Amino acid sequence: IYAGEESAAVRTPSLFDIDKVQWGDYGLSPYLTRLAQLKKDPAQVQGKFTLLVADPAIQAVWKHEDRGLYGIFNVSGKDGFTMVQLPDGTYHDELNDQEITVSGGKLRLPQHSAILRFEGSMMQKQLYCEMLDYHYPTW
């Protein structure tokens with residue numbers, strides 16, 4: 001985040017001249033606060049990051065000991081359901097403060113992104129990237 005982006009500034013300030021940020025609406029502040037808190041979460045600080053799936057949404061896990069964070073990032077804008085590697089149950093979305101249900105090993109794709117906190121073990125499959133014909137190893 002640079003020079004007023006957190007206040008939704010519409011203009012990029014100069015790098016070379018004094019060009020103060022015009023602070024305005026702080027509508028993004030709660031979201032950015034959540035991101036800053038998640039960045040300090042033990043799963044991200046001390047855990048291991050693994051990419052799991054790329055389509056229809058990017059799925060990744062940050063695992064530390066017997067708990068972690070499971071991210072679903074819908075960069076394609078698709079709608080519908082996706083299979084996940086979490087046990088069935090209800091999970092709290094750390095980004096949007098909503099409850100997300102996993103049933104039959106799948107959940108409804110978030111509109112943009114969701115980060116779910118989990119405890120215990122989870123199924124672990126490695127990512128396969130067809131474009132690179134490459135298997136990304138997991139822990």
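Burial first: a residue is called buried under 20% relative accessible area, exposed over 50%, and partly exposed in between (1.4 Å probe, protein chains only). With that scale, R67 comes out partly exposed, at a relative accessible area of 38%.

A word on the model before the points. It is a predicted model, in which local features need pLDDT of at least 70 and side-chain atom pairs count only at pLDDT 80 or more, while totals for chains, interfaces and linings use all residues. Residues are numbered from 1 along each chain as its sequence is written, and side-chain values use heavy atoms, with hydrogens and water left out.

1. Helices (H or I, at least four residues) and strands (E, at least two) are DSSP runs, numbered from the N terminus. Two strands pair if DSSP finds at least two bridges between them. Strand β1 (residues 48-53) and strand β2 (residues 58-64) are antiparallel partners, with 5 bridges. They make a hairpin, and 4 residues sit between them. If you want a spot to start looking, V53 has Q59 in β2 as its bridge partner.

2. **The turn of that hairpin.** Have a look at the peptide bond between D55 and P56: it is cis, with omega about 10°. P56 lies in the loop between β1 and β2. For background, most peptide bonds are trans, and most residues other than glycine have a negative phi. D55 is exposed, with a relative accessible area of 52%.

3. **D55 and K78.** D55 also takes part in a salt bridge, meaning a side-chain nitrogen of Lys or Arg within 4 Å of a carboxyl oxygen of Asp or Glu. Its partner is K78, and the closest N and O atoms are 3.0 Å apart. The pair links distant parts of the chain: K78 is in the loop between β3 (67-73) and β4, D55 is in the loop between β1 and β2, and 23 residues separate them. K78 counts as partly exposed, at 39% relative accessibility.

4. Is T82 buried or exposed? It counts as buried, because its relative accessibility is 5%. You'll find T82 in strand β4 (residues 81-83). Its side chain makes a polar contact with the side chain of Q59, at 3.3 Å. (A polar contact is a pair of N or O atoms within 3.5 Å; within protein, one must be able to donate a hydrogen and the other to accept it, and residues adjacent in sequence count only if both atoms are side-chain atoms.) Contact in the plain sense means heavy atoms within 4.5 Å. Leaving aside neighbours within four places in sequence, T82 is in contact with P56, Q59, G105, K106, L107 and L109.

5. How many salt bridges does a search of the whole structure find? The total is 6. One of them joins the side chains of R117 and D41, at 2.9 Å from N to O. D41 is buried, with a relative accessible area of 10%, whereas R117 is partly exposed at 34%. E94 belongs here too, as D41, E94 and R117 are linked in a network of salt bridges.

6. **Around the β2-β3 loop.** E65 is in the loop between β2 and β3. Its phi is near 55°, a positive value in a residue other than glycine. E65 counts as exposed, at 60% relative accessibility. D66 forms a salt bridge with R67, the closest N and O atoms being 3.8 Å apart. D66 counts as partly exposed, at 42% relative accessibility.

7. **D97 and Q98.** Which loop holds D97? D97 is in the loop between β5 (89-93) and β6. Phi of D97 is positive, near 55°, in a residue other than glycine, and D97 counts as partly exposed at 46% relative accessibility. Q98 is in strand β6 (residues 98-102) and is partly exposed, at 47% relative accessibility. Beyond its neighbours within four places in sequence, Q98 is in contact with Y91, H92 and D93. Q98 and L116 are 18 residues apart in sequence, and 9.8 Å apart in space from C-alpha to C-alpha.
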